[in-house]
Amino acid sequence: MTTTRRDFIKLVSASSGALILGLRLDALSDEAASLEPNAWVSIHPEGSVLIRIGKSEMGQGVRTSLPMILTEELDADLSSVKIEQASPSEVFNRLGTGGSGSIMRMWDPLRQAGATARAMLVAAAAARWNVDPLTCTTSAGVVHHSPTGRTAKYGDLAAAASTLPVPQDVPLKKREDFRLIGKALHRTDGPDIVTGRAVYGLDVRVPGMVFAVLARPPRFGATMAKLDSKKTESMPGVVKVVEIPQGVAVVGTTTWAALEGRRALLIEWKNGEGSDFDSDEHAGKLRAATEHRNMVIHTVGNGAADLELADRKIEALYEYGFEAHAPVEPVNCTVLAEEDRCTIWSPTQTPNSVQAVGAHVLGIDRSAVLVNVMMIGGGFGRRLGHDFDREAVEIASRMKGTPVQLVWSREDDMKHGYFQAASAHRLAAGIDESGRVTSWLHRKTSSPHNARYAFSEKERASPDVVRGWAWGVYDNPYAIPSMEMSYGIVDSPVLIGPWRSVFSPPSVFARECFIDEIAMELDRDPIDLRLELLGRDDESIPHTLTFDEDKSDRRRLRGVLDAVAKLSRWNAPVKKGHARGIACNVFHTETYIAYVVDVSLRPDAPDGALPFRVHSVAAAVDCGVVVNPNGVRQQVESGVIWSLSNMKSEITFREGAAEQSYYSDFPVVMIDETPAVIDVTIIESDDDRPHGLGEPTVCPFAPAVANALSRLAGNRIRKLPVRAGDLA
C-alpha cells in the first residue's frame, strides 16, 4: 500500500508523560480532519517503545521485522521496541493478516511514524538546550548535541515532545543510510517459542473453563434426523450436550471427556445434496471442461487462433487435487459469553470478522465483544475463516458465564475444514519452423474461491472476478506473440478457501512444467528457453507487464534465473542418478523467485515416504528491500518444506466425505525427507520497498522438483502427489 495522505499521523495523548502518535494504516485521502488512528506508536518515560498494531503472528516473524522498520527511522534501541497486539474496536476496524502483506503494507506507515517521533524528540531536546535541532543527532534512543557534549534519553524527552505540534512530511532515511534494515537478526520471540513460553490459542486457560467438541454431518448436505444423547450425558466428565446449527456439541471438563462423549452420541443423519460427491468423478468433470474455451480472461495477439497455424503443436493436461491446510495447532477458539458482553480468545487472521460474528450470534453490539488475538500455530490461510469462532460462540451462548474452549480434532479439520480447490489445466504451445514458441493456450478449470461468502451469478460471469481464481494463468510473464488464457467453473459441494499462495500453486505447477516439456521437445536448455521468452535477446519485448493492479518486470525475473543458475552451478556435471530441475515465478506481490533442485529417485522408499529425495535446493529471491535477511531465508525454507509436503499428500472424497483424517493418511514430510541443503541468494534489488514473501516461496518449488523427476523417470510428472508408480 502506498500511503498518500500527507498528515496521517497525529498526537494522541500528552497526559501520561508518554509521546503517543496515532497513525492510520489505510489512509488514502487528504481529509486530515477525520483522521482516526488505527495503529499507535508510544514512547514512554522509562524509555520503552511500543507499537500497537493488528498483525497476527503465525510464524512469519512480524514481531521482529516490524519493530526493525520503526527502529530504523526512530533511531531507537531495538531491544526497547515491542509489539502489542491490537483488538478490534471502532478505531481498529480493519485488522487482518494475510496475502504476505504485513511488511510491505506497514513499510511506509512505520517509517513515517518513526521519523516523525524522532523529529519531535530532537525538537524537544533542542528546545531544552536552546540549540538548533539541526546540530543534534540520534542513536540508540538518545539525542546527542556534539558541540556541547550533552545527551538526553528518549524517555526523558517524551513528555516535552508530546506538547509539540506534529511535523509534516518529515524526510525519511536514504537506503544507503540504513543501519538496521538489512541486518540478519534472530527472531526476538524465538526463545519463547522454542521453550514453550509462547501462548497460542490452544494454550488459553480461563478459570472455570470447559472444553467442547462438535459432531458434524458426516457428508456434504447431510442433516440430523434423530439424536439420542442419554449415554453421553451420563458419562463422567461430560457437562452438557448442546445442539447448534452446525451440529451437536459435547461439553466436558476435559477435551478427552468431550471427545469420549461425542463418540457415544447416537445420531441418525439424512443425506442431502452433495452426499454422494466423489473427487474422482469431479476430476473427470474438470478434465472434460478443459476441452472447451470457457471464459477468456486474457489474450495476447491473435489468441489461440495461431495455434492452428503453427508448424508443430505440443499439448498436455495437468491436474492438481484437493489439499488441506493441516496446521500443527488444531483449530480452536475460547469464548466467555455473558448477558451483555462477550470475550473471545482466538488464533485468528481476521479479528474484526470474529468480533462481528460474536456480536451477531449473541445479539449484542460489537463494542461489547472483546477479541484477544492469540499466536497462531500454523495458518496457511485456514485462520482467515471464522467458522470455528462462530461455533464456539454458538456453544458459549448456551452456557453464559462459563468459558468454553472449542477444539477441532485433527480428524475434524481434515474432514470438515475448507480446502484448496482441485483443478485441471490444458495447455498447448505452437512452434514455428525455426523452433520459436509462437502461441500459447492455458485453460484452467476449478471451483470458485468461496470460503467466506458465495459469489453471485454476476460475479461468476465477470472475467475481472474470475481472474482472481486463476493466478499463475492470466499473469504468464513469458513474451509469446499469441496467447489465450481461459477459466471454467466446475461447482462442487467442497468448501473452498484461501490456501497458502491461494490459487497460484496449481497454475504455476502446470505452466512451469509445460515450459520444461517444450524445452525438452525442442532440445533446449530450460533456463535458456525461459530467458529467451523473457526477452533476454530481444529489445522489442517490453520489460514491464501490468495485469490489473499486479505488475511484473521481466528483467527482475531474468535476474533471479541468472542468479539461481550461478548459485546451483547449473552447467556443472550432475552426479550419476541425479537430475536438476528449474522453475520460476513472479508473485502478484511483485516478488520474484527461482529454484533449482538436485533430485534422485528413491526406489527403496518405505510406504508413505516420498519416492524421491531432494538433496539440495538453490533459491534466488528478489523481494525488493529486505528488512531481515534471516526472515527471507526462513520464509524460503518454510516454503520449500510446505511445498514438499504437498507433493506427498492430497484430500480425496468418497460418498460426500473426505477419506483422510490424520497425518497418517495425509502425511507431511519427515525430517529425513527434507533437503540437506537450502541455499538462498538474495538479489540486491533496485526496488525501493519490500514485497511479500510468505506465499511467493511456494509456487515454483513443486514444478522444479517435478521437472527434475521427469528427466530421471523418463515420463512426465503431470499430477501431484507423486507416487512411486509415477516414476517407474
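Buried means under 20% relative accessible area. Keep that cut-off in mind for this predicted model.

**The whole structure.** Start with the salt bridges. A search of the whole structure finds 44.

**Stop 1: arginine 556 and aspartate 622.** Select both side chains. Their closest N and O atoms are 2.8 Å apart, in a salt bridge. Arginine 556 sits in helix 15 (residues 554-568) and aspartate 622 in strand 27 (residues 612-622), so distant parts of the chain, 66 residues apart, are linked. Arginine 556 has a relative accessible area of 12%, so it is buried. Aspartate 622 is buried too, at 3%.

**Stop 2: aspartate 108 and arginine 689.** Select this pair next. The two side chains form a salt bridge, 3.2 Å from N to O. Aspartate 108 belongs to helix 2, and arginine 689 to the loop between strand 30 (677-682) and helix 17 (701-713), so the contact ties together parts 581 residues apart in sequence. Aspartate 108 is buried at 11% relative accessible area. Arginine 689 counts as buried at 15%.

**Stop 3: aspartate 75 and arginine 118.** Move to this salt bridge, where the closest N and O atoms are 3.5 Å apart. Aspartate 75 is in the loop between helix 1 (62-74) and strand 5 (81-85), while arginine 118 is in helix 2 (residues 102-129), so the pair ties together parts 43 residues apart in sequence. Aspartate 75 is buried at 7% relative accessibility, whereas arginine 118 is partly exposed at 26%.

Note on methods. Residues are numbered from 1 along each chain as its sequence is written. This is a predicted model: local features need pLDDT of at least 70, side-chain atom pairs count only at pLDDT 80 or more; totals for chains, interfaces and linings use all residues. Side-chain values use heavy atoms; hydrogens and water are left out. A salt bridge is a side-chain nitrogen of Lys or Arg within 4 Å of a carboxyl oxygen of Asp or Glu. Helices (H or I, at least four residues) and strands (E, at least two) are DSSP runs, numbered from the N terminus. Buried means under 20% relative accessible area, exposed over 50%, partly exposed in between (1.4 Å probe, protein chains only).
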